[in-house]
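Hi,

Here is the structure I promised to pass on.

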Amino acid sequence: QVQLVESGGGLVQDGGSLRLSCAVSGRTFSTLAMGWFRQAPGKEREVVATISGSGGSTYLTDSAKGRFTISKDNAKNTVYLQMNSLKPEDTAVYYCAASTLLVRLRLGVGDYWGQGTQVTVSS
């Protein structure tokens, strides 16, 4: 069974940076499309970024463009979300998800989910 473990969350000040990591086991990583999602208190879960299995195609939600970067290291079976210029509105629990079909992630449907990591940006 595929397992995903997120790490790298924490508390940062407005304008700071964090790098989230998601380690994947149980399946050939290069075949999996990956995504980062977040859910703030009282809000619906939203997609932040997705990346294809090969890493050749990426997507960022509008609010993340120019600030966040999603990347995939197939040799390490890890997907990353580099978050720069963080804002208080980025505060949320961040989840990584995996699917054999990229389109499913774009639709907000993951086949496998991590446990989440808290990101808090103070003002």
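Below is what turned up, going from the cores to the salt bridges and then to a sheet.

A word on the basis: this is a predicted model, so local features need pLDDT of at least 70 and side-chain atom pairs count only at pLDDT 80 or more, while totals for chains, interfaces and linings use all residues. Residues are numbered from 1 along each chain as its sequence is written, and side-chain values use heavy atoms, with hydrogens and water left out.

**Cores**

The largest nonpolar core has 28 residues. By nonpolar core I mean a set of buried Ala, Val, Leu, Ile, Met, Phe, Trp, Tyr and Cys residues joined through side-chain atoms within 4.5 Å. Buried is under 20% relative accessible area, exposed is over 50%, and partly exposed is in between (1.4 Å probe, protein chains only). The residues with the most contacts inside this core are Met 34, Trp 36, Phe 68, Leu 81, Met 83 and Tyr 94. Two or more residues each come from β3 (18-25), β4 (33-39), β5 (46-51), β7 (68-73), β8 (78-83), β9 (92-99) and β11 (117-122); strands here are DSSP runs of E, at least two residues long, numbered from the N terminus. Another core, of 5 residues, lies apart from it and includes Phe 37, Val 47, Ala 97 and Leu 105.

**Salt bridges**

Searching the whole structure gives 5 salt bridges, each a side-chain nitrogen of Lys or Arg within 4 Å of a carboxyl oxygen of Asp or Glu. Arg 38 is worth a click: its closest N and O atoms are 2.8 Å apart in the bridge with Glu 46 and 3.0 Å apart in the one with Asp 90. Through shared partners, salt bridges join Arg 38, Glu 46, Arg 67 and Asp 90 into one network.

**A sheet**

There is an open sheet of 4 strands in the order β1-β3-β8-β7, with antiparallel pairing (two strands pair if DSSP finds at least two bridges between them). Its edge strands are β1 (3-7) and β7. β1 and β3 pair over 5 bridges, and Gln 3 has Ser 25 in β3 as its bridge partner.

Cheers
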